[in-house]
Amino acid sequence: MNINVTIVEDERAIRENLAALINGTDGLHCLGAYRTEKGALEQIPPNPPDVLLIDLNLPRLSGVECVRLLRQRLPKLKIVVLTKYEDADHIFRALKAGANGYLLKKRPPLELIQALIDVHRGHAPMSSEVAVRVVAYFHEQGGRSLEIDRLSMRELQTLEYLAKGYIYKEIAETLRIT
């Protein structure tokens, strides 16, 4: 196993410690470490790593926006957020932008290494505090009725044909409605 990792972290000491930790682990190699999202967006696409480890608090562009832009350019890139933010807003914005995992910086080094290996294998690593927030969110959502649940069978059929690209006239003829 050889996993190339790139880091985007604005704090120099953290960036250097992460690079040393990654390079000091058999099977892992730090391909690059960037202080800003600008450097990452310029340098990563031509030389993509297997895994990107990114902070959310970056100098100019938010880490979430950087994740979104890199996800657009490199759809197969595995992206793990490593941050101090554990509120639901940050978590869900990062995951919606395309992050594959979300870890808190207070995570022990061996768990971070395991998370990099896990995401490379196709898993979605999350700190336990983050997982609790995700589960709570879905428990809250489970009690809410979705608008689509209130549609009639005919309305669902109409939506299905619209999704397939039918025009209104074709839908009306197919469903025998005016």
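The legends below describe close-up views of a predicted model. Residues are numbered from 1 along each chain as its sequence is written, and side-chain values use heavy atoms, with hydrogens and water left out. Local features need pLDDT of at least 70 and side-chain atom pairs count only at pLDDT 80 or more, while totals for chains, interfaces and linings use all residues.

**View 1. The largest nonpolar core has 27 residues.** A nonpolar core is a set of buried Ala, Val, Leu, Ile, Met, Phe, Trp, Tyr and Cys residues joined through side-chain atoms within 4.5 Å; buried means under 20% relative accessible area, exposed over 50%, and partly exposed in between (1.4 Å probe, protein chains only). Val8, Ile44, Leu52, Ile54, Val81, Ala94 and Tyr102 touch the most other members. Elements that each supply at least two residues include α2 (37-43), β4 (78-83) and α6 (128-142). Helix α3 gives the most, with 5 residues. Helices (H or I, at least four residues) and strands (E, at least two) are DSSP runs, numbered from the N terminus. A second, separate core of 19 residues includes Leu18, Cys30, Leu53 and Ala115.

**View 2. Val81 and its contacts.** Leaving out residues up to four places away in sequence, Val81 touches Ile54, Leu56, Ala94, Ala99, Gly101, Tyr102 and Leu103. Contact means heavy atoms within 4.5 Å.

**View 3. Helix α5 covers residues 109-120.** Its 12 residues should span 16 Å at 1.5 Å a residue, and the end C-alpha atoms are 17 Å apart, which agrees. The expected span is 1.5 Å times one less than the number of residues. Leu112, Ile113, Ala115, Leu116, Ile117 and Val119 are buried. The buried residues of α5 pack against β1 (3-8), α1 (12-23), β2 (28-34), β3, β4 and β5. Just after α5, Gly122 takes a positive phi of about 100°.

**View 4. A salt bridge joins Lys105 and Asp55.** A salt bridge is a side-chain nitrogen of Lys or Arg within 4 Å of a carboxyl oxygen of Asp or Glu. The Lys105–Asp55 distance is 3.3 Å, N to O. This pair links distant parts of the chain, 50 residues apart: Lys105 is in the loop between β5 and α5, and Asp55 is in the loop between β3 and α3. Asp55 counts as buried because its relative accessibility is 4%, whereas Lys105 is partly exposed at 27%. Glu9, Asp55 and Lys105 are linked in a network of salt bridges.

View 5. Glu42 counts as partly exposed at 45% relative accessibility, and Lys38 counts as partly exposed at 47%.
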